[in-house]
Amino acid sequence: MKRFKILKSLVIDSIRTTTHGSKKYHLWMAFLTFVMLIGMYCYSIQLKHGLSVTGMSDSVSWGLYISNFTFLVGVAAAAVILVMPTYILKDIDFKQAVLIGEGIAVSALIMCLAFVVADMGGPSVLWHMIPGIGVFNFPNSMLAWDVIALNGYLFINISIPFYILFKLYQGKKPNPKVYIPGALISVFWAVGIHLVTAFLYQGLQARPFWNNALLGPRFLASAFAAGPALIIIVLAIIRTYTAFKIEDKTLKKIALVVTVAAQINLIMLVSELFKEFYAPTHHSESAYYLFFGLHGKTALLPWIWSAISMNVLATIVLSIHKLRNNFKVLFFACALLFIAIWIEKGFGLIVPGFIPGSYGKIVEYTPTGIEIGVTLGIWAMGAFVFTILAKTAIKIETSEMRYKKLDY
Amino acid sequence: MKNKYHIKLYFASSFMLLFVMLSSCKEKEEKYHSIIDKIEVESKDYHGISTSSDIYLEDLKLIEITEGEHTFLIPERKSKIKSYSCIECHTEPLEKLQNNKKLKEAHWDIKLIHADKNTLNCATCHSGNDMNNLKSLTDRKISFNLSYKLCMQCHSKEFEDWKGGAHGKRLGGWAQPRASNSCVDCHNPHKPGFETRFPSWYNTKTEEERK
Amino acid sequence: MENKKWFSLNLSNRKKQSIISCGCEKTTENCNHNLVKDTEQKDGFEQVFDVKMNRRTAFKKLTASLLIGAGAVSTSCSVITDDDTKEKAQIDWEEQFKGNYKLMTDDEKNATVNRLVRSYELRTGKTISMSSKNAEEDVLFGYAFNISKCKGYMDCVSACVEENNQDRNSQMQYIRIHEMEDGKGLNFAEADDNYYHEVPAKGHFYLGTQCFHCDNPPCVEVCPVKATWKEDDGIVVIDYDWCVGCRYCMAACPYDGRRFNWSNPEIPEEEVNKEQHYLGNRLRKKGVMEKCTFCIQRSRKGKNPACVDACPTGARIFGNLLDPNSTIRWVLENKKVFRLKEDLGTEPKFWYFMD
């Protein structure tokens, strides 16, 4: 009974916290709401007319939605890179970052699920996927695995921080015996969600571009580069705009993680390029299309080449200690890396898988305005969720929000 | 003490992961290596099925033929020939008919586009003496209903395929009894090649998409 | 009604919805909003499910479609006037929450099919015949295509579109005929599968592709909800109402055998083929997958698929692989047959051969 009371008070306090803030905060939230509304409007058009309002076709049957989904799974998985050192190895340098990391994971996962739903042809029958009342093709379908993996990861990443914050809210110390097993599982789970998502593509013999053993490891490497890069940027923003203190040491440590992951990612990229172009078979045609264009169709060229140059530049910058330790350069490099991997792991990965088609025909893909609208809306939703989570978490961590402390 | 706890946890989770991986092998209902193996095994005790194409053949005039080990139905031909029987006009020998200016000209529209003049002319298949029947290269009588016997003299490979069912359009349904078109049901014997024509479908949307 | 796998709500027991109106503040008798006849052409799905809408219900529907099943609820719970509308709502409700066809008993299959037939009758006043015939034992369908015979007329394509009620608007086609140049082998990339000139063109040959009904179908493996499966007679089918539209099967198919309804399929009412099968050519809706079913509505009855019947050259051969005396078996045993992308291990039941 008492717990419910505390919970109720926590909810009320959180609502109070999230609805109060500076002018900048309100502007930010208003902006996100506006973008979300645009997204919802676009989605309503898509619901009414079907997916024909998107740029997808029978040839390129997955597009921007699934690209973003794939990328965001990586971002979500990366939160673990902060969880493991903090909870298990007791590296306190990461401690302040970890809740932010898990917040990012939760919002990334919510975005993932939203992207999947946006991509569905029949969202009204999604209950067919719910185990128990629906029919679940487990263990055969990797998508079924993915649904379980993502929802499980979402559950873990909500419950651990919630437990910790709930204890802190009451001014108690969270019990490591409760959260360490959870943290451990989440470590495995994070690697799991990303591998499973990679296997989703890797397991298709129909698409030689994806059907390649390096896809899974590359997913992981790029995830551990892009995710922490985002965390660095977010931490930097939080450091500037809130009272939450994040030490330079923490940022530097995360930057090291980003650097190593980016280097590994680059090595794997080279290995992949070598395989595709040193001894090209007709299975290399997708890669040719991606990097050089095929039969005069070159829609992806500007994207992939800017992604690769950004990727290489960022990795070089990060690899040089002097540059990495300069925060302005670091933030810039992280932003570059994040965008580069978003392109590369997003439609740089998904779209060429479908081009050329099963019988060598080339149909290009360009997202439509409505598709972009929905995508932006979902990103705005992610940012919205994260802002709310982070604001509450920070208030509790900085001891500003405590049970019975605010009497009203 | 703390360390031991961690090690235990690690072991437990690794074990769980291993278990998940082992238990997750794809379900396979099939026990055959390939479809050909499957067909071989499963058709061993084939005792026939209730589906039959009889009802789809009811309205067709068919005759049963047996060639080698194959017995099947082919369309009856004589009733489809416009001026059968031939002897209704061909009451006298051909030379006489040709010189008789009072008679209407017949068969003027037939132009033989089949092999070349060294190989074929009218008399290769039609007999001047027995207009109601066709004749083989060795002057044996062949009924219009069994005209395939005439074709097989040269087209022996096609004949083999036709008997087996690889050549010749199937009539009725896929089930037994089998009925197939005879040669002349698809090929005009005087001009056996297929005509060129425009396809009956064109997809403008596909064209647009691939621009 | 016992042991149902779908959820049903007995809405017909509701008593109070006898009078009241559609929003024009008249009682039913005088209100002519519901009586306005729809003269415009209706598309496939609407022919089955369209409830006559005014602006208010249209708006309601739009918002309601965001919620699971709320569309059906709103029509049934809102002011309902006559028994037909009530029945329609009841059917819609049961349709929304019906189970996976594969898991249904024969009685349930029958009930589902009858419901769809009744629904069509209520919406259009026309009767269709819909079968739920199961696979027969000792039947395994196979297909052979003679590359030497095909002349590229594409009669099969148009016959298929008409038989299977495919969307006319997007010009969906299951079959593609690839025009290949002699001397270049099977070069699909350079082949033209959308030609329009006199055929057969000199120096070319023609090869048709469609769903190959693989014995080891990757599309079935990947479906997250088991909305697609291989029937006992080897036909790979889709339960259109169970499909969630994720298009994973489309990505998994190496043969371009699957099609997606990107928008509402449209077929002129007079062109609708009314001889239907639940797993075959019944009318689809937007957002679901569909594909060649070897014309299940025909083949289960012993007929040849429409493409086989339409082919003027006899290049297409269809039959029972388990019948040692069938023509398809003769072709497999006596001709030099091959299949496409055999190295993928999908085991298609669709062979090619030459004279």
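Two residues are taken to be in contact if their C-beta atoms, placed from the backbone, lie within 7 Å, and helices (H or I, at least four residues) and strands (E, at least two) are DSSP runs, numbered from the N terminus. The structure is a predicted model, in which local features need pLDDT of at least 70 and side-chain atom pairs count only at pLDDT 80 or more, while totals for chains, interfaces and linings use all residues. Residues are numbered from 1 along each chain as its sequence is written, and chains are lettered from A and ligands numbered from 1 in the order in which they are written.

For the complex, the predictor gives an ipTM of 0.90 and a pTM of 0.86. In terms of pLDDT (the predictor's confidence in each residue, from 0 to 100), chain A averages 89, with 98% of the residues scoring at least 70. Among the elements of chain A, the lowest mean pLDDT, 73, belongs to helix α4 (residues 80-88), and the highest, 95, to α2(A). Chain B has an average of 84, and 86% of its residues score at least 70; among its elements, helix α1 (residues 2-23) has the lowest mean pLDDT (64) and β6(B) the highest (94). The mean pLDDT of chain C is 82, with 77% of its residues reaching 70 or more. Over residues 1-76 of chain C the pLDDT stays under 50, and for this stretch the model has 104 contacts beyond four places in sequence.

In chain A, helix α11 (residues 301-319) packs against helix α13 (residues 327-345) at an angle of about 145 degrees, with the axes 8 Å apart; here axes are lines fitted to C-alpha atoms, for helices over the stretch in contact, and angles run from 0 to 180 degrees between N-to-C directions. From α11(A), the residues W303(A), I304(A), A307(A), M310(A), N311(A), L313(A), A314(A), V317(A) and L318(A) meet V329(A), A333(A), L336(A), L337(A), I339(A), A340(A), I343(A) and E344(A) of α13(A). By class, this contact comprises 15 nonpolar, one polar and one charged residues, where Ala, Val, Leu, Ile, Met, Phe, Trp, Tyr, Cys and Pro count as nonpolar, Asp, Glu, Lys and Arg as charged, and the others, Gly among them, as polar.

L337(A) of this pair also has a place in the largest nonpolar core, which holds 222 residues and in which A76(A), C112(A), V258(A) and L337(A) touch the most other members. The largest share of this core, 16 residues, comes from helix α5 (residues 95-119) of chain A. A nonpolar core is a set of buried Ala, Val, Leu, Ile, Met, Phe, Trp, Tyr and Cys residues joined through C-beta atoms within 7 Å, and a residue is buried if 20 or more other C-beta atoms lie within 10 Å of its own, exposed if 12 or fewer, and partly exposed in between. A second, separate core of seven residues includes C125(B), L150(B), C183(B) and V184(B). When neighbours within four places in sequence are left aside, L337(A) is in contact with A225(A), A226(A), A229(A), V258(A), A262(A), N311(A) and A314(A).

Between chains A and C, 39 residues of chain A are in contact with 42 residues of chain C. Helices α2 (23-49) and α6 (142-169) of chain A each supply at least two residues of the side that touches chain C, and the residues of that side divide into 18 nonpolar, 17 polar and four charged.

Chain B has nine helices and six strands, and buried residues make up 18% of its 211 residues. Of the contacts in chain B with a separation of 6 or more, 51% join residues 24 or more positions apart. A cis peptide bond, with omega about -5 degrees, joins Q176(B) and P177(B), the latter found in the loop between β5 (170-171) and β6 (179-180).

Chain C comes to 11 helices and 11 strands, with buried residues making up 53% of its 355 residues. Residues 24 or more positions apart account for 64% of its contacts with a separation of 6 or more. The peptide bond from V199(C) to P200(C) is cis, with omega near -5 degrees, and P200(C) is found in the loop between β3 (176-181) and β4 (204-209). Most residues other than glycine have a negative phi, and most peptide bonds are trans. M154(C), although not a glycine, has a positive phi of about 60 degrees and lies in the loop between β2 (141-146) and α6 (155-163) of chain C; M154(C) counts as buried because it has 28 C-beta neighbours inside 10 Å. C295(C), likewise a residue other than glycine, has a positive phi near 50 degrees and is found in the loop between β9 (289-291) and α9 (296-299) of chain C; with 25 C-beta neighbours inside 10 Å, C295(C) counts as buried.
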